[in-house]
Amino acid sequence: MREAYPSVPVFLVDTGAFSGDLRKEEGRIRTESLLQAYDKLGYAAVNVAFPEVVRDFAKFTAMRASTRIPFISASWVDAKTKTLLMDAAFASRAFGEGRSVAFAGFHHTAPGANVVLADGREAAVLDITEAAKATLPPLRKTNTLLVALVRGDKAEVQRLFDAFPQVDLVIGSLGTLISDSLEHYPPGDKNSVPFVFTGHEGRVLNEVRIFLDKKKGRKEKIELYQHKLSKEFPADEEFEFMTAEALSRAAAAPKEEPTEEESHEPRPWRQPATLLPY
C-alpha cells in the first residue's frame, strides 16, 4: 500500500489480543517475533487486550519497552486507584499541515475480570461506555480524525459508538467497522452502509480509506475495500514450523547475559511520521 500510495499516510493498527502465553517459552518467542514485525512495519497504534495483561503483564511491559510502537488502552486501570495502566491514546501528526489522527484503545466490558499483577496491584477493565466518555471528547477537540480500536464484538463496538457518535471510525475485532459515513466495496459490489462486519478469519485484508475535506479540515467520506488473500495468512502449519525452529535455535545458542548497561539502555523513540516512507 505504501508503494501504491507514496504520498498518502498509511496507518497499520491492531485491536489487541495478539500476545501468546508469556509464561511459556513458545508464547514468549511468538509474541516477541510478532512485536518485532510490528515494529519493523511501523505500526501506528496497538490496543492492549486481555491476553496481554493476564499472561504476565510484567513480561509484556518489558517486551513492549524495546519497541517504538505506541501501545494504548483507555480500559485497563488499577482497580484501587482507577489510574490507567498505560496511555489511553496516541496522536500522529503524519498528515502534516497541522492535521492529526488520534487512536484510542478500548476493551469489551468485563465485570469481575480483575487480574492480580506481579507487583501486587489489581488490574480491572472499565465499562466501555465510561471509558469512551472519559477519553474521546478531549481527543475530538484537538485532532482532525478520531479512530477507536476495540477488542470486542459487534455489540460492544455499537455501545462505544452510541456513547460518542462523534468518533470518525470504530475498528473492532474480526473486521468490525462502524462510522457515520462508510462505503463498503467488496469485489464486484458497492453498498453504502453504516456498519460492516467481516468475519474474514485471516482470508481477507481490510483496507480503510479516509478522505479529508481540506477546506473544512474534517473527513469527507470513508471507504472500505476488502482484498481476498490467496490463502489464509498466517498459515497455522507455517507458523508452528517457524516457532519450533526458533525454539530449537534458542536451545542450541550459547546463553549470554546482557551487561548492566545493555539491559537498561532505552531504545530511541521516533514518531510514526518518521517510521513511514511518505
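**Close-up views of a predicted model**

**View 1. Surroundings of serine 75.** Beyond its neighbours within four places in sequence, serine 75 is in contact (heavy atoms within 4.5 Å) with Leu84, Gly105, Phe106, His107, Ala124, Val125, Leu126 and Ala131. Serine 75 sits in the loop between strand E3 (71-72) and strand E4 (76-78); helices (H or I, at least four residues) and strands (E, at least two) are DSSP runs, numbered from the N terminus. With 0% relative accessibility, serine 75 counts as buried (buried: under 20% relative accessible area; exposed: over 50%; partly exposed: in between; 1.4 Å probe, protein chains only). This is a predicted model, in which local features need pLDDT of at least 70 and side-chain atom pairs count only at pLDDT 80 or more, while totals for chains, interfaces and linings use all residues. Residues are numbered from 1 along each chain as its sequence is written, and side-chain values use heavy atoms, leaving out hydrogens and water.

**View 2. The pair of phenylalanine 18 and phenylalanine 71.** Eight aromatic pairs occur in the structure (Phe, Tyr and Trp rings, the six-membered one for Trp, with centres within 6.5 Å; planes under 30 degrees apart are stacked, over 60 edge-to-face, the rest tilted). In one of them, phenylalanine 18 and phenylalanine 71 are tilted, at 6.3 Å centre to centre and 40° between the planes. The two residues are 53 residues apart, phenylalanine 18 in the loop between strand E1 (13-14) and helix H1 (25-41) and phenylalanine 71 in strand E3. Both phenylalanine 18 and phenylalanine 71 are buried.

**View 3. The pair of phenylalanine 50 and tryptophan 76.** The ring centres of phenylalanine 50 and tryptophan 76 lie 6.0 Å apart with planes at 35°, so this pair is tilted. Phenylalanine 50 is partly exposed, at 32% relative accessible area, whereas tryptophan 76 is buried, at 0%.
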